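Colleague: Before we discuss this model, please take me through it term by term, setting each value against the definition that lies behind it.

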Amino acid sequence: MKEYFQNIWYGLTTVLIGMRVTFKHLFVPAVTIQYPDVKLKLPERERNRLYVNMDDCIGCDQCARACPVDCIAIETVKSIPGEDLGKTSNGKKKALWVTKFDIDIAKCCFCQLCVFPCPTECIYMTDVFEFSEFERDKLVYNFVTLTQSEIEDKKANYAKLEAEKAAQKAANATSVKPAEKEENKQ
Amino acid sequence: MIIYDFLYKFVFNITQSAAIGDITAMIISGALPLLILVLPFTLVAVWLERKVSAHMQDRLGPMRTGSHGWLQTVADLIKLLQKEDIVASDNDRPLFNLAPILVFAGSYLVFAALPFSSAYIGSNIDLGIIFIIAASGFVVAGILMAGWSSNNKYSLLGAMRSAAQIISYEIPTILVILTIIMITGTTNLRTLSEMQTGHFWNWMIFGGAGLSLSKFLFIPFMLIGFVILYISTLAEVNRTPFDIPEAESELVSGYHTEYSGMKFAMFFLAEYANMFAVSAIVSAIFFGGYQSPIGYLGNTLGLPWMIPIEQFLWFASKGVFFVLVQMWLRWTLPRLRVDQLMALCWKYLIPIAFVNLIIVGLITVL
Amino acid sequence: MSIYDIIFYLFATITLVSAFFVVTIRNIVYSAFFLLFTFFGVAGIYVILGADFVAMVQLIVYVGGILILILFGVMLTNKITNVQIKSGTSQVIPAAIGVGLFAGILTAALINTPWRKIDTSPLLPTTQGLGLMLISEYGVVFELLGILLLIALIGAASLARK
Ligand code: SF4
Ligand code: SF4
């Protein structure tokens with residue numbers, strides 16, 4: 001019998017205590033933020049969307065080789081001797097035209113392994129993390145700065161160079177003896 | 001009733017038919033205002049529920065649709081209207097379609113007997129409270145119908161739990177109401193409200209009008225009665241902590257798991273209408289119904305037409321206050337287990353309500 | 001025809017049609033739900049007869065209590081939908097005689113009862129009169145009924161315990 005009334009008493013008081021707690025929290029300022037309008041400060045070494053500064057990229061393919069999921073695709077074309085590709089910001093001479101630099105960010109696992117091997121520090125993480133798309137194709141980012149015609153141009157130039165070289169070689173091969181003789185004579 | 005007379009005369013003059021006059025006057029003066037009241041109340045209550053729950057958990061709740069998200073429920077309503085009405089192939093189609101209507105009709109029926117102010121009551125029947133209890137039977141039948149026709153084990157379980165719960169908790173409700181009937185000698189909610197006129201110390205929770213010894217003796221027992229009535233009505237509308245019929249974590253959402261679109265909205269509407277209805281009943285029985293606790297502005301200003309409007313506002317705010325307490329409880333207490341639920345009803349509420357009834361009866365004889 | 005006549009015919013139709021389906025329909029659950037409408041219609045007719053308290057009690061006891069109990073029983077029974085309800089016509093002649101007799105008695109009662117016509121408007125509340133009658137005139141019967149129900153309750157509880 002005593003227990004019965006004790007139960008009632010406990011029931012009522014504990015409910016009231018609980019209600020007091022929730023009532024207090026009614027006036028505690030919210031701990032959440034209005035996300036798209038207000039954003040939390042990101043930590044210093046956050047890993048989000050990758051960015052490639054193409055001005056500095058020398059097309060060495062190191063990042064693509066480091067990537068564990070193979071989501072970086074790089075194609076390069078050698079420059080022809082007369083061309084000046086400029087220098088990177090840390091003084092390296094560029095020698096390759098990068099004709100394709102695609103990162104499939106949908107595959108990327110944000111492991112940051114591509115960032116460290118880069119000799120020019122031109123591939124790095126940004127603080128952009130809202131880049132959802134309705135189509136997966138749109139998550140393949142193209143970083144190449146050259147236009148399509150320029151790429152064609154470069155390829156054609158290089159092919160021409162190759163062809164010239166090959167022609168030269170062929171010419172050399174057919175007249176290798178006379179040429180050598182001439183050289184020998186001189 | 002003034003509105004009724006006016007409408008009746010107006011329609012009668014046009015059609016010269018007593019029947020048509022009666023029907024139109026009844027519908028326009030009796031039924032329509034309730035519908036106009038129930039729908040916006042639901043919209044506001046759903047929004048309130050979200051905001052209250054959010055603030056109790058130190059969140060903000062909806063903020064983006066309208067200022068502080070007040071349009072959120074409107075947006076949700078539009079979304080529900082557009083949704084596809086899914087009926088699974090193994091559902092019992094006729095019953096499946098009928099159930100939400102029955103549930104909504106049952107909860108809407110309750111509103112007919114609520115005294116909103118001295119000038120407006122849907123139907124001033126003599127058996128107001130008993131009518132309300134009777135009407136809730138339709139809700140139980142509708143819930144069982146929904147659970148059965150969904151052909152889904154969760155729905156059926158939820159429906160059975162819900163029906164069992166409502167029926168068990170109807171007993172303490174009726175016992176408490178019986179004590180009140182015994183004191184006041186009326187089942188008419190309007191008369192009951194009129195008896196608690198004047199200031200707040202005339203309310204039933206303070207022992208009713210008059211200044212006799214029994215008034216002071218009543219006070220503790222009225223308090224007990226109020227607590228029992230509030231708990232059992234809370235259980236009757238399936239609110240937390242008594243929400244095992246629609247326990248999201250175990251039964252998905254109980255008897256309306258299979259419903260979508262507008263039919264789901266009707267269940268939702270019925271639930272919130274019920275919340276207000278039971279709060280209004282509690283306030284009408286114990287807290288003076290539409291009576292103001294501090295006197296009317298209309299009286300002091302000498303504007304008698306203002307009084308009914310004030311009364312309506314008092315009634316609505318008392319109802320909304322108890323709805324808010326329901327929400328407060330919902331975000332405070334965890335869900336009861338089935339055995340705890342039944343133990344609370346049969347071992348605690350019913351015996352205490354019985355003892356309360358007997359003691360109050362003795363005091364009345366004094 | 002006043003509005004009360006219209007409402008009366010409405011309720012009478014609901015009662016008769018749903019009662020017909022309660023008996024004829026093959027699905028037990030449907031039958032139980034049609035019973036709901038029958039009870040509702042009967043309650044409506046009580047209201048029109050001016051028996052407001054009886055109507056409300058009809059709703060509370062039958063819709064809120066007995067119907068729910070029936071539904072529970074039906075739903076908790078296994079494989080309800082597969083049960084073949086047998087309703088063939090076997091004993092035609094005895095049945096016809098029984099029905100004829102019953103109908104005859106009913107008709108006789110119908111004709112011989114001195115029906116009281118009451119003025120429909122305004123209907124007065126009946127609760128107080130009923131209550132006084134239950135306590136004074138029919139006090140003993142009322143108490144006996146109470147004891148009967150109590151015995152049934154105790155019996156049910158003791159059966160359930162076994
Ligand atoms: S972060 Fe990792 S997965 Fe993403 S591109 Fe770099 S190496 Fe590949
Ligand atoms: S490692 Fe750096 S420089 Fe080399 S290809 Fe990748 S981005 Fe370009």
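**Elements, interfaces and terms**

Modeller: The secondary structure of chain A comes to 4 helices and 5 strands, where helices are DSSP runs of H or I with at least four residues and strands are runs of E with at least two, numbered from the N terminus. Read along the sequence, these elements follow the pattern α-β-α-β-β-β-β-α-α. The model is a predicted one, in which local features need pLDDT of at least 70 and side-chain atom pairs count only at pLDDT 80 or more, while totals for chains, interfaces and linings use all residues. Residues are numbered from 1 along each chain as its sequence is written, chains are lettered from A and ligands numbered from 1 in the order in which they are written, and side-chain values use heavy atoms, with hydrogens and water left out.

Colleague: How do you know whether chain A has the radius of gyration of a compact globule?

Modeller: The radius is taken over C-alpha atoms, and the globule rule is 2.2 Å times the number of residues to the power 0.38. For 186 residues a compact globule would come out near 16 Å, whereas chain A has 32 Å. The C-alpha atoms of chain A, taken along the principal axes, fill a box of roughly 125 × 35 × 30 Å.

Colleague: What makes chain B compact by the globule rule?

Modeller: Chain B has 13 helices and 2 strands. Its radius of gyration is 21 Å, close to the 21 Å that the rule gives for 366 residues, so chain B is as compact as a globular protein of that length. Along its principal axes, the C-alpha trace of chain B spans about 65 × 60 × 45 Å.

Colleague: Which chains touch, and how do you know where the most contacts are?

Modeller: Contact means heavy atoms within 4.5 Å, and among the 2 pairs of chains that touch, the most contacts are between chains B and C. There, 27 residues of chain B are in contact with 28 residues of chain C. Chains A and C do not touch, and their nearest C-alpha atoms are 23 Å apart.

Colleague: What makes up the area buried between chain B and chain C?

Modeller: Buried area is the accessible area (1.4 Å probe) that two parts lose on being put together, summed over both. Chains B and C bury about 2300 Å² between them, with 87% of it on carbon and sulfur atoms. B:Leu127, B:Phe138 and B:Trp148 supply 24% of the area that chain B buries against chain C, more than any other three residues. Helices H2 (18-56), H4 (93-111), H5 (128-149) and H6 (153-184) of chain B each supply at least two residues of the side that touches chain C, and H5(B) gives the largest share, 11 residues. By class, this side has 23 nonpolar, 1 polar and 3 charged residues, where Ala, Val, Leu, Ile, Met, Phe, Trp, Tyr, Cys and Pro count as nonpolar, Asp, Glu, Lys and Arg as charged, and the others, Gly among them, as polar. The count of salt bridges between chains B and C is 0.

Colleague: What else describes the contact between chain B and chain A?

Modeller: The contact takes 19 residues from each of chain B and chain A, and about 1600 Å² is buried, of which carbon and sulfur atoms give 65%. B:Asp58, B:Trp328 and B:Tyr348 supply 36% of the area that chain B buries against chain A, more than any other three residues.

Colleague: How do you know which residues surround ligand 1?

Modeller: A residue is near a molecule if one of its heavy atoms lies within 4 Å of it. For ligand 1 there are 14 such residues, the closest being A:Cys67, A:Cys108, A:Cys111, A:Gln112 and A:Cys114. By class, the shell has 13 nonpolar, 1 polar and no charged residues.

Definitions and conventions. A salt bridge is a side-chain nitrogen of Lys or Arg within 4 Å of a carboxyl oxygen of Asp or Glu.
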